[in-house]
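Thanks for coming, everyone. Please take a look at the model on the screen, and then I'll walk you through it.

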Amino acid sequence: MLIVPEDSEGLPDPATGIGPFKRGFLRLGEQYYHETGRRLPFYPVTIHEECLVIVGNPIYYNPLNTARQERLRMVYLLEETVKTMHREATENLALEPILFKRRTS
């Protein structure tokens, strides 16, 4: 499932054009843990203007934190990771380790 959590009404980052992330999608981590007892991985994905798709390492939901704390932690990590991957792709650098990097046509 691909989720685009950007807030279309928020001010985008001037360096990347990426808007601030909303947190509601992270409730999936809470629900998944309650239903399965397992931690849900969230994969940061950057789709760059140069037709690059970059998928970073997963960031796992941590059920030991309170739900509010975890949503704040996760949204910060995911947003910053996506922005970093975008900036590094722009600079022709690769964030290691990259699980998937492919040029689209």
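Leu40 sits in the loop between H1 and S1. Those labels are DSSP runs, numbered from the N terminus: helices are H or I with at least four residues, strands are E with at least two. Now, a caution. This is a predicted model, where local features need pLDDT of at least 70 and side-chain atom pairs count only at pLDDT 80 or more, while totals for chains, interfaces and linings use all residues. Residues are numbered from 1 along each chain as its sequence is written, and side-chain values use heavy atoms, with hydrogens and water left out.

Is Leu40 buried or exposed? Leu40 is buried, because its relative accessible area is 18%, and buried means under 20%, with exposed over 50% and partly exposed in between (1.4 Å probe, protein chains only). What does Leu40 touch, once neighbours within four places in sequence are set aside? Its contacts are Leu28, Gly29, Tyr32, Ile59, Tyr60 and Tyr61. Contact here means heavy atoms within 4.5 Å. Leu26 lies 14 residues away from Leu40 in sequence, and 9.6 Å away from C-alpha to C-alpha.

Now the whole chain. It has two helices and five strands. Along the sequence they run α-β-β-β-β-α-β. The chain has 105 residues, and 33% of them count as buried. Take contacts between residues at least 6 apart in sequence: 52% of those join residues at least 24 apart.

Next, helix H2. Its 24 residues should span 34 Å at 1.5 Å a residue, and the end C-alpha atoms are 34 Å apart, so the two agree. The expected span is 1.5 Å times one less than the number of residues. Buried residues in H2 include Glu70, Arg71, Met74, Val75, Leu78 and Val82. An α-helix has 3.6 residues a turn, so residues three or four places apart point the same way. What covers the buried residues of H2? The cover includes helix H1 (27-36), S1, S2, strand S3 (52-55) and strand S4 (59-60).

Start with Arg71, in helix H2. Arg71 counts as buried because its relative accessible area is 12%. Beyond its neighbours within four places in sequence, Arg71 contacts Arg23, Leu26, Arg27 and Glu30.

Then Leu78. Its relative accessibility is 5%, so Leu78 counts as buried. Leaving out neighbours within four places, Leu78 contacts Phe21, Phe25, Leu26, Phe42, Pro44 and Ile59. Pro5 is 73 residues from Leu78 in sequence, yet their C-alpha atoms are 9.9 Å apart.

Third, Val82. At 7% relative accessibility, Val82 is buried too. Tyr43 is 39 residues from Val82 along the chain, with 9.5 Å between the C-alpha atoms.

Last, the largest pocket. It holds about 600 Å³ of space. There are 22 lining residues, and the closest to the centre are Leu2, Ile3, Pro5, Tyr43 and Val45. Strand S1 (41-42), strand S2 (45-47) and helix H2 (67-90) each give two or more residues to the lining. How do the lining residues divide? They are 18 nonpolar, two polar and two charged. Nonpolar covers Ala, Val, Leu, Ile, Met, Phe, Trp, Tyr, Cys and Pro; charged covers Asp, Glu, Lys and Arg; the others, Gly among them, are polar. On a 1 Å grid over the protein atoms alone, a pocket is an open set of points where a 1.4 Å probe fits, with protein on both sides within 12 Å along at least five of seven lines; lining residues have an atom within 4 Å of a point.

How values were computed. Points joined across faces, edges and corners; volume = space filled by probe spheres on them.
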